[in-house]
Every structure is written in structure tokens, then in C-alpha cells.
Amino acid sequence: MILIFISVSIIAVLMSMLVTKVLENKTRKIKINGYIGNRRNLNFGFVHETLGGFGKSTQKDIRNKFEDAGIYNNEMLRYYTPVKICSFIVLSLMVLLYVEVSMQMLLIFMAIIVIIIVLPDSYLALRKNRLIEKNSRQLPYMIDMMAVCVQTGMTLEAAFKYLGDELTSFDKDLCYQIRKTSDAAEVKGMESALKDFSKRVPTPQVRSFALTLTQNIQYGTSIAPVLSDLAEDFRNEQILVMEEKIGKLSAKMSGPLIIFIMFPILILILAPGITRLMTGN
């Protein structure tokens with residue numbers, strides 16, 4: 001069953017890539033012929049959008065899901081929905097051809113729906129939650145570096161731009177968020193960019209960071225010492241959370257200790273007496 005699923009997935013990926021490449025080549029040729037012969041330019045972009053994500057809105061939602069999950073490869077984004085559709089069609093045809101019992105067919109169809117439609121989105125959601133937690137843990141170090149940049153005379157916009165370029169070796173996911181915030185600040189202002197940043201990474205630390213910078217922009221207060229204090233508060237908060245987890249560890253360990261140690265000891269103690277009672281000695 002696993003080999004069949006792997007082979008079907010490979011076939012679906014190859015089919016989606018082949019269809020996408022054929023449509024791209026056909027669209028390119030028609031555009032070239034339209035420019036050369038002054039003919040009407042037939043656009044097959046809607047077909048490509050339909051295969052790639054059923055329209056611009058769905059394509060944008062998929063792109064946001066991939067970016068929130070830390071996957072920034074546009075090629076994977078392009079083939080995500082075609083692979084799901086082709087896999088569902090191929091597996092459905094195989095079930096219709098090789099499964100005869102109606103109840104088994106229904107169960108297999110439900111399993112296909114769960115595997116192809118539900119599991120990929122669940123995996124992306126799980127990656128998103130882990131990425132949010134990781135960005136929150138790395139945020140104090142980024143705030144310290146931003147405080148140093150501000151102390152050297154940089155503006156907030158320049159500090160965001162500099163850190164967006166230099167944090168790649170430190171944390172590529174946090175660097176991507178900082179770069180995206182910097183690009184948004186150039187278009188619609190720093191306050192709106194910080195608000196979007198707090199929406200993409202919805203944690204108390206990021207909201208506090210965005211609120212601190214927004215207040216600085218509005219009231220013109222000195223931001224470098226505030227950022228240093230904020231980073232220190234975040235570190236203390238992380239230490240408290242770690243101490244709380246360590247404190248709960250002893251209570252969580254009591255269950256395995258009771259199951260794997262206390263019960264065997266009781267059996268070893270009571271087993272001889274029970275054996276004598278059963279044998280009448």
C-alpha cells in the first residue's frame with residue numbers, strides 16, 4: 001500500500017509539472033506570435049491560475065500558508081494544488097477499478113480525502129505554530145541587535161533594512177519576517193508594517209515589540225534603552241517559562257514511574273504469596 005501511494009504521488013507530481021510546462025510554453029509561443037504577426041494575443045493565464053490554485057485569491061492564500069510555514073519556494077507553491085488534484089484523481093480511478101466492495105470503497109475514499117486534502121494543510125499549520133514559537137524565542141537577540149543599530153545612529157527603517165540583510169545566517173525565518181516588514185514599511189509606512197508583523201507572528205512578545213516601536217514613532221521617545229530593557233524582559237520571561245516546565249516535569253514523570261516501576265515491584269512482592277495460596281501451601 002505504501003509503495004502504491006508513493007508511486008501515485010510521483011506520477012501526480014510528474015503530471016502536474018508536465019501540464020504546467022506545456023501551458024507555459026504554449027502561452028509563450030502565442031505571445032511571441034502575437035507580437036510578431038500583430039495578431040490577437042490569446043492568454044492562457046487563467047488556465048494556469050486554475051491549475052495552480054483556482055484563482056488569484058486561492059493562490060494568495062496558499063502563498064500565505066507556505067510563507068507562514070517557513071516554505072519560501074515558489075515552485076512548490078505552483079505545484080501544490082495540481083499535485084493534490086492529480087493524486088486525488090489517480091487514486092480515485094484506482095479505487096474504482098480495483099475495489100469492488102462498496103464499504104471498502106467508501107472507507108478508502110475517506111482515507112484518500114484525509115491523506116490528500118487534510119494532512120498537507122495540517123502539516124502546514126503545525127509548521128506555522130512551531131515557526132511562530134521559534135521566532136518568539138529568537139526575538140530578544142534581534143531586538144538587542146536593533147538596539148545596537150539605533151545607538152550607532154540608524155533610523156528604525158535603516159535598522160530593519162540592515163537586519164533583514166544580515167540575519168540570514170542567524171535565523172532565515174526571522175530574517176524573512178524582518179525583510180518583509182522593511183519592504184512593507186517603504187510602501188505603506190512603519191506603523192502599518194509593524195501591525196502586519198504582529199498579525200503574521202501573533203505572540204505577546206511580537207505585539208509588545210510592535211507597540212513599543214509604534215509609541216516611539218508617535219511620541220519620539222528614545223528607543224535604544226527601551227529596546228534593551230524589552231529584550232531583557234523577554235529573556236526573563238523565557239527563563240520563567242523554562243522553570244515552570246521543569247517544575248511540571250516531576251509531576252509528569254510520576255505516571256511512568258507508577259506504571260513501569262511500582263506495579264512490577266508490587267507484582268514481585270505479591271506473586272510468591274499468591275502462588276502459595278493458589279497451590280494450597
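**Close-up views of helix packing, pocket and cavity**

**Figure 1. Helix H10 gives the most to the lining of the second largest pocket, supplying six residues.** The model shown is predicted: local features require pLDDT of at least 70, side-chain atom pairs count only at pLDDT 80 or more, and totals for chains, interfaces and linings use all residues. Residues are numbered from 1 along each chain as its sequence is written, and side-chain values use heavy atoms, with hydrogens and water left out. The second largest pocket holds about 360 Å³ of space. Its lining consists of Ile132, Glu133, Ser136, Arg137, Thr203, Gln205, Phe234, Glu237, Gln238, Val241, Met242 and Lys245. A pocket is an open set of points on a 1 Å grid over the protein atoms alone, with protein on both sides within 12 Å along at least five of seven lines, and lining residues have an atom within 4 Å of a point. Volumes are the space filled by probe spheres set on the points, which are joined across faces, edges and corners. Both H5 and H10 (224–279) supply at least two residues of this lining. By class, the lining of the second largest pocket has four nonpolar, four polar and four charged residues (nonpolar: Ala, Val, Leu, Ile, Met, Phe, Trp, Tyr, Cys and Pro; charged: Asp, Glu, Lys and Arg; polar: the others, Gly among them).

**Figure 2. The largest cavity takes the largest share of its lining from H5, with four residues.** One cavity of 30 Å³ or more is counted, a cavity being a set of grid points where a 1.4 Å probe fits but cannot get out. Asp68, Lys128, Leu131, Ile132, Asn135, Gln177, Arg200 and Val201 form the lining of the largest cavity. That lining comprises three nonpolar, two polar and three charged residues.

**Figure 3. Helices H5 and H7 cross at roughly 75°.** H5 spans residues 102–151 and H7 spans residues 172–188, and their axes come within 9 Å. Axes are lines fitted to C-alpha atoms, for helices over the stretch in contact, and angles run from 0 to 180 degrees between N-to-C directions. H5 and H7 are therefore roughly perpendicular to each other (65 to 115 degrees; under 35 is roughly parallel, over 145 roughly antiparallel and the rest oblique). On the H5 side, the contact (heavy atoms within 4.5 Å) is made by Leu131, Lys134, Asn135, Gln138, Leu139 and Met142. Asp173, Leu174, Gln177 and Ile178 make the contact on the H7 side. The residues of this contact comprise five nonpolar, three polar and two charged.

**Figure 4. H5 packs with helix H9 (residues 204–219) at an angle of about 25°.** The axes of H5 and H9 are 10 Å apart. H5 and H9 are therefore roughly parallel to each other. From H5, Ser136, Leu139, Met142, Ile143 and Met146 meet Gln205, Val206, Phe209 and Leu213 of H9. Seven nonpolar and two polar residues make up the contact of H5 with H9, with no charged residues.

**Figure 5. Glu67 lies in helix H3 (residues 56–68).** At 15% relative accessibility, Glu67 counts as buried (buried means under 20% relative accessible area, exposed over 50%, partly exposed in between, with a 1.4 Å probe and protein chains only). Setting aside residues up to four places away in sequence, Glu67 touches Tyr72, Leu131, Tyr176 and Lys180.

**Figure 6. Lys172 belongs to helix H7.** With 47% relative accessibility, Lys172 counts as partly exposed. The C-alpha atoms of Lys172 and Gly70 are 9.0 Å apart in space, whereas the two residues are 102 residues apart in sequence. Apart from its neighbours within four places in sequence, Lys172 is in contact with Gly70, Tyr72 and Leu167.

**Figure 7. Asp233 is located in helix H10.** Asp233 has 45% relative accessibility and therefore counts as partly exposed.

**Figure 8. The protein chain contains ten helices and zero strands.** Its pattern along the sequence is α-α-α-α-α-α-α-α-α-α, where helices (H or I, at least four residues) and strands (E, at least two) are DSSP runs numbered from the N terminus. Of the 281 residues of the protein chain, 31% count as buried. Among contacts between residues at least 6 apart in sequence, 62% join residues at least 24 apart.
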